[in-house]
Amino acid sequence: MRVLKNYFLVLFSSVASVNATSQTDTLKQVEVATTITPAPSYKLIKVTNIESHVTDNLADLLSKETPIYIKSSGPGGLSTISIRGAGASHTQLYWNGISINSPTLGQLDLATLPVAFIDEAEIHLGASSVVDGSGGLGGAVQLNTSANYKNKLNATFRKELGSFGIDKSLFSINAGNKKFQSKTSLFRNSSFNDFKYIDISKENSPISERENAETIQYGIKQEFYFAPNKENHFAIKSNYLDSYRQISSALGIETKGEHQTDKVLRLMGEWRNGKNKTFQHLRLAFVKDELNYIDTSLSINSRIRVDSYKATYNFNHYFNYLLKLSAQVNAGADIANSTGFGAQYQQNRQSIFLQFEQKSNWGYQYNIAARQEVIDGKLTPLIPTIGVKYFLTKNHHFAINANAARNYKAPSLNELYWNPGGNTDLLPEIGFTSEMGLTYTYRKLSFGISPYYSLVDNWIQWLPQESGIWTPINVKQVENKGIELEIKKMVKISNKSKLHLHSGYNYVNSINKSSALATDNSIGRQLVYVPKHTFNIVAKLEIKKWSFTYNQTVSGKVFIDASNITYMPYYAPADINISYSLKKDMKSADIGLKVSNLYNEDYQIMANRPLPGRWFLLFLKVNLNATNE
Amino acid sequence: MSKFSSYIFIVFVLGFASCKKQEIGPQCPTCVDENITVKYDDVLIGCEGNFGWGNASISLFNPTNNSITNTVFQNINGYALGDVLQSMTEYNGHLFVVVNNSGKIEVLDTTTYQKTATISGLTSPRYFCGINNSKAYVSDLFSNQIAILDLGSNAVIGSINTGGWTEEMLLVNDKVYVCRPDTNFILQINATTNTIEDTIILAKGPSSLVLDSDNKLWALSSGGINDELGELNQIDPSTNNIIQKMVFSDISNSPNNLKISPDGETIYYLNNGVNQLSIYASSLPTTSIISQNGALFYGLGISPTNDVYVSDAVDYVQAGIVYRYDSTASLVHQFSVGIIPQGFWFK
């Protein structure tokens, strides 16, 4: 028992600074998590190459590094995520375990989340999102930050200049010792986005220059980490974004000078404690989100201000290294003011989550869990989940897993309280989701295939009523079936050169099964803006001081009307990134060139919203790095 | 890495490099029709499209052979119509297609449906009203003005301040009556001097106007959104006095789409279905001639042969449906058109 205790402590101190991740002891196949994470029977995608996207936003990162479909209106413009055929509001985003979807809209604009604010991104697909909270009918995205206590000083300055006025600067300094770490990042990103495009809305499709598309973002991240002893870790985490965006019109609409500002402050205090076999993790957070959309030509000046207070407490207890009990308690309040409400609304949520997880010595694991939430004093449907994983071979290279969950998405504050039209009688959207998976992992190769099935009932859609007022209504039942493939391979070519390959393919058949509308012609048809096929590959070749990255994404055609008559064609942009690194002692300098949309494809993701053809970016990075070792 | 796998990768990359696709932007292969023939009894259906999506379109229906062609403007003129088709008005052998959020009017030749001019520089245009061979008015949602057009140069040459949103207009004896739907009145404008001469107070939300065979004006007020009861008023344009006031009984009613038969004897409007009354009636009908059956009717049109065309936008993101009824209100035909069908023009 004493051995076990030390084992936990050692593991704890090495992973304590890594949020929401787990470390595997390959010999024993035991995972020790200091916070609650999806059990091994669930599928998740760890997003790679985050460092190379540090000046990008989350939409850029996910659209390049994963096969997940990101619906983007243009560079820096409104970008939303669709996982497994579900809508943008059916994916919950979390920053260090705290939900950051807009409580009013129910979704998050990924363009307002700079990658500089995060260190890790993990996508929890389907049922695994129940571990994070409710509402992830498609899945959840966990964005985490962490510190490395071995760091002494790590200072970086990065400058990027590119086509159509791209100008990005990032300065970061991380400093500390074995007990204390401070992490600071400051950045400014701007772009005119006045790229050339083919204007299909005009006679003879002339080449035009995009207007009213400028973006300017400032951001700061400050985090302090403190580990007074092996058992306790404290952190204060914060970031602030000030974003100004002009909103360019769809083709065929004269520019009207619409613009939007977003000001978002996120603040968190964190305590972790690990003693013997019990781990506790408390997080208290405050998020202030201010959005202002102005369209003078239509006399629109829309303001939304939401203050959110959240607390989450995780408890993990290992009875032994094969048996674990986890519990989570959440409480939060969102206080929303919107020009669309005409009043202030507050929503309070509390939830409790319990999970029991057991493993066998020989490679078999199962878990059973359930979450119960209370929203404004009312019980929501209980969401249970169950998962199993089984190693097919003794060497543990092959495994199969299966899981299922019930889940729901509570209506957003806009859906409830928008004036006029808000519908307080709305039912939550209820989902059932299940998945199977076959994985192969051996040394530098991993491969996974996972078919899934999900059904969402009470799907909410805004529809006009007899009075002419638009109201959200529980209209549809949507069925999503699909299959996901992922392959990761590292090839060591020689001592000084290696090739990393990471590729994914998703197929999703997302159809409307039934409708509350008498004349609905969308039954049996694919949902709008859900591509059946998406694919990506990232190939990174490192040869001595050189690095070459080739990135190819493919998104199949999407229908843009629910009757499946009109569609947007497929698009397949590729990026190439070449960099050269010079290193001397603790100092290093990287210089590189990125060519985006390499084949100069003329394409749009959203109808009539053109995207740039081939464009270029030059970057320079200087770094000073010292460790305490 | 083996030579073989590097070859595979190179072939893969070159494969992508060589894929050149021709399609840019929204595609509708089933809408394409190379041989659009214009017939004497054509019906053009204006499809609004979604605000901000640039998918306004015109569908063409021929009642003789029941043929449908969607996106005819794009098929004939080679580019998409724009964002939010608001209205189609015929004047002097041309069809003035008001594209609201594109701030423009496409002028079509009614014998070919080919574009002859584009009138731009409008803010949020709603309806077109021809005054004479050289002059027209365009109402507007946001500019607080009516734009004055010169039909020779197809340009905006002036404006009339209206203080707010203006909707349907009707020319009667050199006077233009203009709906002010966010108020409870209609304006009377002198079409020679371009000045506001009078206002007529009605129920809240007047948005449509017709002229009957007796040269009397009819105005339909929705009553706003649960603000007050809607009203149908018959007005004598020589005195601007209200001859007859018919009040809707339910505050939740939002009557709209006032139309009149070609002979000017029968009034139609939408209110929980299609409703009909004679211009000599003294009260509103109590039952609809065509019920909605779970749908929500969006647009209404009366053909030269007294057929009733009514549209259903379904969920506003799929192909809308048009129902064609004969003069006895029995369903003759139904067909799918573009997104949010809202208006009809009969050749």
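A residue is called buried if 20 or more other C-beta atoms lie within 10 Å of its own, exposed if 12 or fewer do, and partly exposed in between, with C-beta atoms placed from the backbone. Helices (H or I, at least four residues) and strands (E, at least two) are DSSP runs numbered from the N terminus. Strand S23 of chain B, residues 297-302, has six of its six residues buried, so S23(B) is largely enclosed by the rest of the structure.

The structure is a predicted model, in which local features need pLDDT of at least 70 and side-chain atom pairs count only at pLDDT 80 or more, while totals for chains, interfaces and linings use all residues. Residues are numbered from 1 along each chain as its sequence is written, and chains are lettered from A and ligands numbered from 1 in the order in which they are written.

Chain B contains two helices and 27 strands. Along the principal axes, the C-alpha atoms of chain B fill a box of roughly 90 × 45 × 40 Å. Of the 347 residues in chain B, 46% are buried. Two residues are in contact if their C-beta atoms, placed from the backbone, lie within 7 Å. Among the contacts in chain B with a separation of 6 or more, 41% are between residues 24 or more positions apart.

Two strands are said to pair if DSSP finds at least two bridges between them. Phe297(B) has Asp312(B) as its bridge partner in S24(B). The hairpin of S23(B) and S24(B) has five residues between the strands, and Asn306(B) in this hairpin takes a positive phi near 65°.

An open sheet in chain B consists of four strands in the order S3-S2-S1-S27, with antiparallel pairing. Strand S3 (67-69) and strand S27 (341-346) of chain B are the edge strands, each pairing on one side only. From one strand to the next the twist averages 20°, where axes are lines fitted to C-alpha atoms (for helices over the stretch in contact) and angles run from 0 to 180 degrees between N-to-C directions. Strand S1 of chain B (residues 43-47) runs antiparallel to S27(B), and five bridges join the two. Within this pair, Val43(B) has Phe346(B) of S27(B) as its bridge partner. In a regular strand the side chains alternate between the two faces of the sheet. The loop between strand S2 (57-62) and S3 of chain B holds Asn66(B). Asn66(B) is not a glycine, yet its phi is positive, at about 55°. Asn66(B) counts as exposed because 11 C-beta neighbours lie inside 10 Å.

The domain assignment divides chain B into domain 1 (1-36 + 201-337) and domain 2 (38-166), the bounds coming from an automatic or database domain assignment. The centres of domain 1 and domain 2 of chain B, taken over C-alpha atoms, are separated by 16 Å. At their boundary, 16 residues of domain 1 of chain B are in contact with 17 residues of domain 2 of chain B. On the domain 1 side, S25 and S26 of chain B are the elements that give two or more residues. This side of domain 1 has 11 nonpolar, three polar and two charged residues. In these classes, Ala, Val, Leu, Ile, Met, Phe, Trp, Tyr, Cys and Pro count as nonpolar, Asp, Glu, Lys and Arg as charged, and the others, Gly among them, as polar.

Between the chains, 47 residues of chain B are in contact with 51 residues of chain A. Helix H1 (3-18), strand S25 (319-325) and strand S26 (331-339) of chain B each supply at least two residues of the side that touches chain A. The largest share, four residues, comes from H1(B). By class, this side of chain B comprises 22 nonpolar, 20 polar and five charged residues.

Several local features occur in chain A. Asn49(A), in the loop between strand S3 (44-46) and helix H2 (58-65) of chain A, has a positive phi of about 60° although it is not a glycine. Asn49(A) is partly exposed because 16 other C-beta atoms lie within 10 Å. Lys150(A), in the loop between strand S9 (139-144) and strand S10 (151-162) of chain A, is also partly exposed, with 13 other C-beta atoms within 10 Å. The C-alpha atoms of Lys150(A) and Lys178(A) are separated by 6.1 Å, although the residues are 28 apart along the chain. A cis peptide bond, with omega about 0°, joins Asn419(A) and Pro420(A).
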